[in-house]
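Thanks for coming. Please have a look at the sequence and the model on the screen before I start.

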Amino acid sequence: MRKSNSLIVVLFILLFAKWQTHHVFNESKLTHTVHFPSSKTKYSLSEEIVSIRVFSQLKVQSFTFSPDAGSYSVWANGTEVISTSQFPIIKFTYINDSIEVKTFENTIGKFKRIKISSHDVGRSFRLKLIAPDRKPRFYQDNLIIETENGNLKCLNEVILDDYIAGVVQAESGKRSYQEFYKVQAILARTFALSHLQKHAADGFNLCDYTHCQAYFGKTTELEIMKAVTDTKGRVVVDENLNLIDAAFHSNSGGQTVNSEDVWGSKLPYLRSVNDTFSMKMPNARWERKMAKEDWLSYLKLKHNYPIQDSNARWLALTFKQDSRKPYLEANNIKVPLKNVRTDLQLKSTFFSIVQQGDTLIFKGRGFGHGVGMCQEGAMRMAKLSYKHTEIINFYYKNTQLIDLHKLNFFKDE
């Protein structure tokens, strides 16, 4: 069976780590890391390390760092400049394309790049943004600070499964079901490993926003930690052992979407499925009102829709979806519903229109792009005692779970 490029890259990284290592900074005397050809991803000899840009949507000017567990050292220019054993709270500020390091009493210096690291087991730290002001967040493992476009750039160098646990909490919330946490952990791991190069040009692997996966730091939930541990190394692949595009959304409204109807690319595992599990969940239905003339003007100006044609006008004002459609179509003009959703900021493309005088009511179903797993449907399945394998197989067709660490890479099936 043919191996995928993405899976080969991941497995090559794990194998390559056995024989090519060097130090990152002089300060990393006890931590050997690996650099890979055409990649800025780093892996330790024992566990994968990913680099995640945190506070990626903010223009960070200043913050404080303090240890949550363990003791940390601050390194710059190959030298330890300060440690939290001496000063438990350290302030970092952007000044003239440099990073100023201060305690409450003294200025330690200004540097171009900083690494804050610890070798203690269970190490974690607290970041409190000052400018802009934000609530504290807690992260595991280590931190890199750089300057970029007049701001501080913060990179959390974190063990993969520590990151996955944080993603599961950010994407799933608290007080869910163990089987759902397992599903979300497997999908988050699959996504991360298949998108390690997404921000390679920027010097890191993934960001902490929905552009990649939401990530607000370490999990506080023991059930999430257990789910990540129980599924360690498990990922989803298609029939050709390609790591799948592990797409998911909040609620399908009763039917998921074919991938080509949203992204233009047809993937055999991202097929539309009837999803009754989603229908009694919070985001199953929504409504939005809009003036009739505003809707018609939008169609005319943005999509050149023939509103002057009586039949086309009637179709636009009485548009109905009993099952999902990719377009509103009349007179050979196709209006992509994915564009309508984006332009009008609708919750989904799965809507029908009802007239009330000069007002239109968009009666919608679902929340999100609709491709892949419906999170609320999966939660419902977990509540009904479906196993995580059954949930994954329901939403992703003709796929299988594998353990990356046990796969015989060189043996053809």
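I will go from the whole chain to the sheet, then to some helices, and end with a few single residues.

First, a caution: this is a predicted model. The protein has 10 helices and 24 strands. It has 413 residues, and 54% of them are buried. If you take the contacts with a separation of 6 or more, 66% are between residues 24 or more positions apart.

Now the sheet. It is open and has 7 strands, in the order β6-β5-β10-β13-β14-β3-β15, with mixed pairing. Which strands are at the edges? They are β6, residues 79–83, and β15, residues 206–207, and each of these pairs on one side only. α2 packs on this sheet, where it touches β3, β14 and β15. The direction of α2 makes about 110 degrees with that of β14.

Let me stay with β14 for a moment. β14 runs from residue 151 to 159, and it pairs with β13, residues 142–148, in the antiparallel sense over 7 bridges. On its other pairing, β14 and β3 are also antiparallel, over 6 bridges. How many of the residues of β14 are buried? The count is 9 of 9, so the strand is mostly covered. One of the cysteines, Cys154, has 2% relative accessibility and counts as buried.

β13 and β14 form a hairpin with 2 residues between the strands. Glu148 has Asn151 in β14 as its bridge partner. Between the strands, Asn149 takes a positive phi near 50 degrees.

The next pair is α9, residues 375–383, and α10, residues 388–395. Their axes come within 10 Å and cross at roughly 145 degrees. The crossing of α9 and α10 is right-handed. On the α9 side, the residues that meet α10 are Gly377, Ala378, Met381 and Ala382. Their counterparts in α10 are Glu390, Ile391, Phe394 and Tyr395. Cys374 is buried, at 0% relative accessibility. On cysteines in general, the count of disulfides comes to 0.

Then there is Lys292, found in α6, residues 292–303. Is this lysine buried or exposed? Lys292 has a relative accessible area of 17%, and the cut-off for buried is under 20%, so Lys292 is buried. Leaving aside neighbours within four places in sequence, Lys292 is in contact with Leu317, Gln355, Gly357, Asp358, Thr359 and Leu360. Take Asp358 from that list: Lys292 and Asp358 are 66 residues apart in sequence, yet 5.4 Å apart in space, C-alpha to C-alpha.

Last, some backbone details in the loops. The peptide bond from Ala131 to Pro132 is cis, with omega near 0 degrees. Pro132 lies in the loop between β11, residues 124–131, and β12, residues 137–140.

Arg175 has a positive phi of about 60 degrees, although it is not a glycine. Arg175 sits in the loop between α2 and α3, and at 75% relative accessibility it counts as exposed.

Asn398 also has a positive phi, near 55 degrees, and is a residue other than glycine. Where is Asn398? The loop between α10 and β24, residues 400–403, holds Asn398. Its relative accessibility is 53%, and Asn398 counts as exposed.

That is the end of my tour.

How values were computed. Residues are numbered from 1 along each chain as its sequence is written. This is a predicted model: local features need pLDDT of at least 70, side-chain atom pairs count only at pLDDT 80 or more; totals for chains, interfaces and linings use all residues. Side-chain values use heavy atoms; hydrogens and water are left out. Two strands pair if DSSP finds at least two bridges between them. Helices (H or I, at least four residues) and strands (E, at least two) are DSSP runs, numbered from the N terminus. Contact means heavy atoms within 4.5 Å. Axes are lines fitted to C-alpha atoms, for helices over the stretch in contact, and angles run from 0 to 180 degrees between N-to-C directions. A disulfide is a pair of cysteine sulfur atoms within 2.5 Å. Buried means under 20% relative accessible area, exposed over 50%, partly exposed in between (1.4 Å probe, protein chains only). A crossing is left-handed if the near helix is turned anticlockwise from the far one by less than a right angle, and right-handed if clockwise.
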